[in-house]
Amino acid sequence: MSYIRAPEKPGKGSRLKRFALEIILIALLVVGVIAFIAYPLFSPPREKIAAMPNALETLIAQRDATYDAIRDLDFDFQLGKLSAGDYATLREKYKARAALMLQQIDALGGGNGAAEAQIEAQVAQLRRAKADAIEDEVARVRAARKPTDIRCRHCDAPYQAGDQFCARCGNRI
Ligand SMILES: [Zn+2]
């Protein structure tokens with residue numbers, strides 16, 4: 001440092017100082033730019049750890065949605081809203097989708113394998129959870145379809161409670 005402070009011509013000393021300062025600034029800038037560019041190259045482990053739970057959560061949500069779809073499909077079939085052929089086709093499709101989700105979840109370390117058994121177990125669990133409400137609905141639909149014991153006094157055709165005219169003979173009930 002003494003050479004900078006040395007009593008030389010004042011212009012030369014300040015020029016030297018400014019030159020040193022510029023070198024330092026440029027060096028800092030270069031280091032900063034390199035650090036900025038190189039940072040992602042050295043930090044992927046941390047970013048991966050941060051990104052993984054999100055990917056896992058998304059997959060798990062998608063898997064659960066697929067389970068819901070399978071369960072609803074089962075109920076729709078029970079309620080007679082689907083043909084056996086459509087039901088089988090759709091169920092296979094949903095199961096394939098759920099299996100794919102499980103595979104990806106396993107790949108991220110969030111699952112425990114045995115895809116087929118897992119799908120059926122999960123769907124069964126969801127089914128039990130919703131079973132009471134659905135059983136009621138099934139019973140209601142069946143009751144509505146079932147011929148009643150009340151019959152027309154003119155032609156003996158069964159009619160539903162609340163009907164005002166007989167569907168067969170047209171007479172007032
Ligand atoms: Zn009648």
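User: How do you know what confidence the protein chain has?

Analyst: The score is pLDDT, the predictor's confidence in each residue, from 0 to 100. The protein chain averages 78, and 75% of the residues score at least 70. This is a predicted model: local features need pLDDT of at least 70, side-chain atom pairs count only at 80 or more, and totals for chains, interfaces and linings use all residues. Numbering starts from 1 along each chain as its sequence is written.

User: Where is confidence lowest, and where is it highest?

Analyst: Lowest in helix α1 (residues 2–5), with a mean of 55. Highest in α4, at 87. Where pLDDT is low, the predicted coordinates should not be read in detail.

User: What makes up the secondary structure?

Analyst: Five helices and zero strands. Helices (H or I, at least four residues) and strands (E, at least two) are DSSP runs, numbered from the N terminus.

User: How do you know that the span of α4 agrees with its number of residues?

Analyst: The expected span is 1.5 Å times one less than the number of residues. For the 24 residues of α4 (residues 84–107), that gives 34 Å; the end C-alpha atoms are 34 Å apart, so the two agree.

User: Which residues of α4 are called buried?

Analyst: Tyr94, Ala98, Met101, Leu102 and Ile105. Buried means 20 or more other C-beta atoms within 10 Å of the residue's own (exposed: 12 or fewer; partly exposed: in between), with C-beta atoms placed from the backbone. Of the 173 residues of the protein chain, 8% count as buried.
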